[in-house]
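Biologist: Please show me the model, and then I will ask what lies behind each term.

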Amino acid sequence: MDARWPVFLFAPAALTVPAAHATVYLTVEQAQQLLFAGAGFTAVDPGRRERIWRVSAGGWFIVDQVLGKHELISYALGIDGSGRVRGVEILEYRESHGGEVRDAAWRAQFAGKSAADSLQLDRDIRNISGATLSCRHVTDGVKRLLKLYESELRQR
Amino acid sequence: MSLSRFAFVAAAAVAVAAPALAGESPFGYVYTTDTHPRGAREIEQWLTQRHDQSRGDYNLWQGRTELEYGVTDRLQTALYLNYASVSALHNRPDGTTGPGAFVPDSVDPDARYSKTFFQSLSNEWIYRLLSPYKDPIGLALYIEPTWGPDERELETKLILHKNFFEDRLVWAANLTAAAESERYHSDNWEREGELELTTGLAYPLAPRWQAGLEYRHHRGYEGRGFSSSKRVYAANFAGPSMHYASQHWWVTLTYLRQLANAKAYTDDAREDIIDGRFYGEHHERYELRLKVGFSF
């Protein structure tokens with residue numbers, strides 16, 4: 001190989017920036033109190049992928065993860081005693097784009113939804129341009145947890 | 001200040017000034033339909049090494065410094081500088097130096113030819129018609145005029161993008177048609193056409209890491225148009241790619257090796273095929289491309 005290397009070969013070395021790290025927005029305990037203030041929580045079904053708590057005031061609190069573009073997004077779902085979404089909270093988000101799913105107005109769209117709703121992006125849930133992947137995966141995640149409630153938790 | 005030093009200083013200055021994030025492609029050669037949202041900006045630095053012709057020494061470094069901007073959520077534009085450094089010695093099938101890619105006809109056949117030069121300025125536009133995240137398949141249109149002292153080109157692409165397995169597996173394919181005029185060989189402008197199919201698959205190996213495979217089929221034509229009577233050659237490349245995305249920047253490395261199944265359709269082109277590989281018109285044994293990008 002020719003030993004003559006042009007100077008511009010080393011331009012990418014100038015692009016070094018600090019390493020990334022995860023941003024924790026809420027702990028599980030904080031999310032529990034936001035969605036069910038003052039309630040008690042009893043963990044059930046340890047060892048499964050989703051972390052599930054029965055809420056003393058009635059309802060369920062579930063923590064799960066969905067894939068963003070490269071990293072997992074941790075989120076919490078509160079389901080009231082009638083099987084409707086009480087709220088969605090983003091616990092941890094690690095990526096550069098798509099963090100708009102933390103926006104309160106976007107998350108508020110899920111309130112009152114149940115397993116009977118189709119929960120489709122751009123139909124039931126408004127998409128955020130530039131955060132489409134995160135919006136779709138969080139929406140699909142909430143939908144999956146509502147199905148889980150319907151099939152496993154509702155009759156308990 | 002020489003061009004290469006200027007490019008280095010410019011890239012370094014932009015890097016220091018840029019604090020933030022990136023949207024990115026897992027491929028070195030294949031475009032996906034992912035575009036920047038409105039108002040988002042990204043700087044990219046590309047370096048491509050094209051190495052080895054039929055014999056002797058041949059080494060070409062191509063640099064590209066690019067600024068991308070999201071005009072709307074579906075429309076993205078980019079402006080970039082292309083520059084290169086070529087070094088050749090006895091690289092032709094007959095053992096002489098040049099002519100070939102960026103090596104003029106008038107070169108001394110027994111001496112090394114080296115040159116670092118500004119190649120061109122390009123303006124890229126991508127419009128996304130369908131999103132792979134909301135529609136059955138992603139679809140985007142691409143157009144890119146290029147102007148340089150010794151080349152003019154208009155390149156168009158049709159970009160397809162489909163994800164599988166909850167968006168873990170990424171597939172993309174590009175159909176490219178380009179019409180160009182260049183005068184790297186002599187003072188006379190030569191008209192050429194190129195058709196290209198590139199496709200790739202990428203899958204996450206670990207958080208932040210994606211591994212991929214890319215394939216490139218490239219056809220060259222004389223003059224204007226893409227009729228079979230104007231075909232000159234067809235060459236194929238394939239190889240792996242690796243992509244890493246940080247919260248603030250990303251990097252992609254792709255290695256493509258020319259497959260030994262090139263085809264020639266003219267007598268001149270047949271002379272440029274050695275052991276099944278085509279070495280005329282900017283073709284080498286392998287290409288190595290490094291891309292680094294981040295938003296600001």
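Modeller: We start with pLDDT, the predictor's confidence in each residue, from 0 to 100. The mean pLDDT of chain B is 89, and 92% of its residues reach 70 or more. This is a predicted model, in which local features need pLDDT of at least 70, side-chain atom pairs count only at pLDDT 80 or more, and totals for chains, interfaces and linings use all residues. Residues are numbered from 1 along each chain as its sequence is written, while chains are lettered from A and ligands numbered from 1 in the order in which they are written.

Biologist: Where in chain B is confidence lowest, and where highest?

Modeller: Helix H1 (residues 3–17) of chain B is lowest, at a mean of 43, and strand E5 (residues 138–148) of chain B is highest, at 97. Helices (H or I, at least four residues) and strands (E, at least two) are DSSP runs, numbered from the N terminus.

Biologist: What makes strand E3 and strand E4 of chain A a pair?

Modeller: Two strands pair if DSSP finds at least two bridges between them. Strand E3 (residues 51–55) and strand E4 (residues 60–67) of chain A have 4 bridges, in the antiparallel sense, so they count as paired. A:Arg54 stands opposite A:Trp60 in E4(A).

Biologist: What is the strand order of the open sheet in chain A?

Modeller: The 6 strands run E1-E6-E5-E4-E3-E2, with antiparallel pairing.

Biologist: Why are E1 and E2 of chain A called edge strands?

Modeller: Strand E1 (23–24) and strand E2 (41–44) of chain A each pair on one side only.

Biologist: What ipTM and pTM does the predictor give the complex?

Modeller: The ipTM is 0.73 and the pTM is 0.84.
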